[in-house]
Amino acid sequence: MSDNREQAARNGGPAGPGSGRTRVRPRPARRIRWDDPTTIWRIVIQVLFLAVIVAVGAFFYRNMTESLRSLGLTFNFRWLKLQAGFGISEGIAYDLTDTYGRAFVVGIVNTVKVVFFGIVFASVIGLVGGLARLSSNWLVRALATVYVEVFRNTPLLLQLLFWYGAVILKLPPVRQAVNLFDRVFLSQRGAYIPRFMLVEDIGGWRVFFIAAMAVSVAVYFYRRRQLMLQDRPGFPSVWALASFVVLMAGGWLVLGSPVTVDLPVLQRFNFEGGLQLTPEFTALLLGLSAYTGAFIAEVVRGGIQAVDKGQREAALALGLRPFHVQYLVIIPQALRIIVPPLTSQYLNLAKNSSLAVAIGYPELFNIGTTTMNQSGQTIPVFLVIIACYLSLSLLTSLFMNWWNRRLAYVQ
Amino acid sequence: MRVRPKDPWPRRTVDWLVKNLFSSWFNTLLTLVSLWVIYFTVTRVWRWATETAVWAVIPANFQLFLVGVYPRDQLWRFHVILGVFAVLTALSVAAALNRDFGRKAMRWLVTPWLLFLPGSMFLLWGLPGSETLPHVQTSSWGGLTLTLVLAAVGIAGSLPIGILLALGRRSSLPVISVFSTFFIETVRGTPLVAIIFMAHLMVPIFLPGVTIDRVIRAMIGLTLFTSAYMAENVRGGLQSIPKGQYEAAQALGMSPALTMILVILPQALRSVLPSIVGQFISLFKDTSLVAIIGLMDLLGIARSITANPAWAGLQAETFLFIAIIYWIFCFALSYGSQRLERMLGLERPS
């Protein structure tokens, strides 16, 4: 202990705010002092720990290879090249003769599809719900509270089964599908929405688009400078958006529409054209968005409430309108508090998409379990599944741990 | 001290209505839209509930929902467990409210509460070969009982493992900290369904020759999963303890182990008690996932009832019923957690 104190005195105190030192002097490499019982103990404990882990691991590994041998299998990853032999009800191009590896790719694409749109919808629902929970209107507040409390306190699997069994499958058959303005149709075979496709000769429109973007960016900076010079609060993006819309509308008049709409039309047995969303996808998307949206609403509410009340009072005292106070002062500060739990909610949504196995949507986990049953290779398949989910979660965990270290209570 | 007398009744209501519902044109619009939404949903739901819904499915299967396929002649065990629970709760409430003997009484009550969970599980399990307490297989446990048992065992098992993992992660021994971090991050990055599936399929592979009960496999999966999240919660609590506590304990001559047990952990656990209760609520909801491996918990029972041809197509009624049961438990727990936070003085200043 004594040489630590001498070292510290030589350094002139610890580095950090107020010390006058911003960089810690590089410490000499720690030498193992063989006469120090503490060091010996530490090494011995770690060696023993490793030995236990290795022994347990070897025991399990031996049992595993024996069990696999009795089934006539070995532990390998060659099954990825084997023919899959099972069909997948939706997704990118795939047929029975494709490999298991290809099936996994289809599953990953399906997972990404539902997770992406789930995150978008959940964020929108969560933002609206969080703001509604803080509304000055009692009725809106009550409705938002009911929504959040109902969807947070029931299991997600139950909600998914409810959406699937009690809502989607109870919709009318295709012939009597629910008709929304002749554009969107809901039936028990899924949802049919119009599909937008770009026209063939898009060249002229591309130029117009780039020109419109350039002009709106210029307008943005012009308006921002104008507001700064006049010392007024405001949103330059409003002018920028307006100019963009006006220019695009002008292009519409001059060049015609850049997109064609493919509407679903009822033929003899089914709808033709348009985009068909399967009942499984619709139920999963609705269930995940509603469930995660409730949690995000609570996160948003907590973030906004955590901003000091003095901020609102000061902004109002400066003469800002309530709308400006909310969106120029409160929400930017609230975002700092909202982002970490928001990220973990997104991760939860990605992991909860695996519950699609109960509904029959062919996402990553569902296809993984089918592969497991068909090939008999439970452990390698599991390793692939876990690797896919982990590569998503680990990246975010690394970032959050770095952030947590920066926020930790530094003595 | 009231500054001015309250307005007479009609005026007060009108004032409240104007302030809360009609204060601006936008607010008025919101109110009208909300009223329309409420009217729309309530009339539709009411019409469904009173006309097309078949509610007979619930009383007909009530016992299934609560105890699964437990043998009928052994149901007295549940009455015993409920009775003991009621007595313990009444005594605890009385002790909490009593200022004179409350403290001592609470200390006496700790042991019975700790023995309650293993005792009731043993009672339900029975003694193999016995006449008065015949063995009941866990495959017969089901419904709300199985859900509660899974949740209780999950949280009880994950707490010590989670504390060990959190301490391991903060350890200065690199081997242990790397291993703990690796375990925690791997388990946290995997969906719970995958872990339950893994436990279900791989426990027989890793331990051949020993038939492990399906319920125990599910318990292992749930406990492993929850302990990783618990480790993160406890780590947050440990991080918030000021270094002065460690130094003071060291100055008093306490060994590191004693410091941890007597000084640090009590403070850390107290500060993250709300998170632990929150974890329990999540675990309670997540026990429904064991329905995917075929266990007959509350959700599994509901699924098998709707698969029964006699009650086909009644998903809405059954699922609504168990949703209400789940909701009651979870809401009660979260309300209790808020009260606990207030009692411990941990409430964030609003």
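Predicted model: local features only at pLDDT ≥ 70, side-chain atom pairs only at ≥ 80, totals over all residues.
Local features need pLDDT of at least 70 and side-chain atom pairs count only at pLDDT 80 or more, while totals for chains, interfaces and linings use all residues. Residues are numbered from 1 along each chain as its sequence is written, and chains are lettered from A and ligands numbered from 1 in the order in which they are written.

View 1. Start with S2 (residues 184-187) and S3 (residues 190-193) of chain A, which pair in the antiparallel sense over 3 bridges. Strands (E, at least two residues) and helices (H or I, at least four residues) are DSSP runs, numbered from the N terminus, and two strands pair if DSSP finds at least two bridges between them. S2(A) and S3(A) form a hairpin, with 2 residues between them. Look for Ser187(A), which stands opposite Gly190(A) in S3(A). S3(A) also pairs with strand S8 (residues 275-277) of chain A, in the antiparallel sense and over 3 bridges. There, Ile193(A) has Leu275(A) in S8(A) as its bridge partner.

**View 2. Thr97 in a loop of chain A.** Thr97(A) sits in the loop between helix H2 (37-70) and helix H3 (100-133) of chain A. Is this residue, Thr97(A), buried or exposed? Thr97(A) counts as exposed because it has 9 C-beta neighbours inside 10 Å. The cut-offs, for C-beta atoms placed from the backbone, are 20 or more others within 10 Å for buried, 12 or fewer for exposed, and partly exposed in between. Gln83(A) is 14 residues from Thr97(A) in sequence and 5.6 Å away in space, C-alpha to C-alpha.

**View 3. Helices H14 and H15 of chain B.** The axes of H14 (residues 298-307) and H15 (residues 315-344) of chain B come within 9 Å and cross at roughly 165°. Axes are lines fitted to C-alpha atoms, for helices over the stretch in contact, and angles run from 0 to 180 degrees between N-to-C directions. H14(B) and H15(B) are therefore roughly antiparallel to each other, a label for angles over 145 degrees. Residues of H14(B), including Leu298(B) and Ile305(B), meet residues of H15(B), including Phe319(B) and Ile322(B).

**View 4. Where chain B touches chain A.** Here 47 residues of chain B are in contact with 50 residues of chain A; contact means C-beta atoms, placed from the backbone, within 7 Å. On the side of chain B that touches chain A, H15(B) gives the largest share, 9 residues.

How values were computed
Parallel < 35°, antiparallel > 145°, perpendicular 65-115°, else oblique. Contact = placed C-beta atoms within 7 Å.
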